[in-house]
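Please open the model in a viewer and keep the selection panel at hand. The tour below moves from one selection to the next.

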Amino acid sequence: MKKLFAVAMALVLALSLCVTAMADTITVGIVNNPPSESGYREANVKDFERVFCEDNGYTAKTAYSLKNDEQLSAAQQFITDGVDYLLVSAAETTGWDVVLAAAQEAGIPVFLFDRTIDCDDSLYEAAVVSDMRNG
């Protein structure tokens with residue numbers, strides 16, 4: 001009887017972990033320049049695809065454009081869709097205040113990558129960028 005109980009408990013635990021794993025998928029909205037922009041961008045996109053995949057517990061929604069208005073629209077749609085995180089490499093560094101404020105209001109953390117945006121630092125969690133200096 002103890003053995004049957006132990007097997008039943010193990011099965012319940014395994015099933016609950018599977019259900020929890022399925023329910024805990026993290027949705028990431030990625031706004032980026034197209035992979036065709038450069039070799040760097042192509043490698044960047046491939047890395048994101050490798051990391052933010054279903055096997056790692058993610059669902060990635062991506063939007064690629066070199067046009068700021070298209071990127072802004074995509075980011076706003078990701079916010080409307082209720083992504084868990086928003087990652088942005090902006091085509092232009094201006095014009096993002098309203099969208100980033102909407103993400104903040106929705107409780108969606110924003111992470112900038114590749115380049116910063118001209119906005120209040122409180123509108124994003126972190127910026128993962130190079131510290132290049134002219135000179």
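How many bridges join strand β4 to β5? Select β4 (residues 110-113): three bridges link this strand to β5, and the two run parallel. Strands (E, at least two residues) and helices (H or I, at least four) are DSSP runs, numbered from the N terminus.

This is a predicted model, in which local features need pLDDT of at least 70 and side-chain atom pairs count only at pLDDT 80 or more, while totals for chains, interfaces and linings use all residues. Residues are numbered from 1 along each chain as its sequence is written, and side-chain values use heavy atoms, with hydrogens and water left out.

Next, display the whole sheet. Its five strands form an open sheet in the order β2-β1-β3-β4-β5, with parallel pairing; two strands pair if DSSP finds at least two bridges between them. At the edges are β2 (58-64) and β5 (126-128), each pairing on one side only.

R41 is buried, with a relative accessible area of 1% (buried means under 20%, with a 1.4 Å probe and protein chains only). The side chains of R41 and N32 are joined by a polar contact of 2.9 Å, that is, a pair of N or O atoms within 3.5 Å, one able to donate a hydrogen and the other to accept it. Beyond its neighbours within four places in sequence, R41 has contacts that include P34, S89 and D114.

Technical notes
Buried < 20%, exposed > 50% of the residue type's maximum accessible area, 1.4 Å probe, protein only. Contact = heavy atoms within 4.5 Å.
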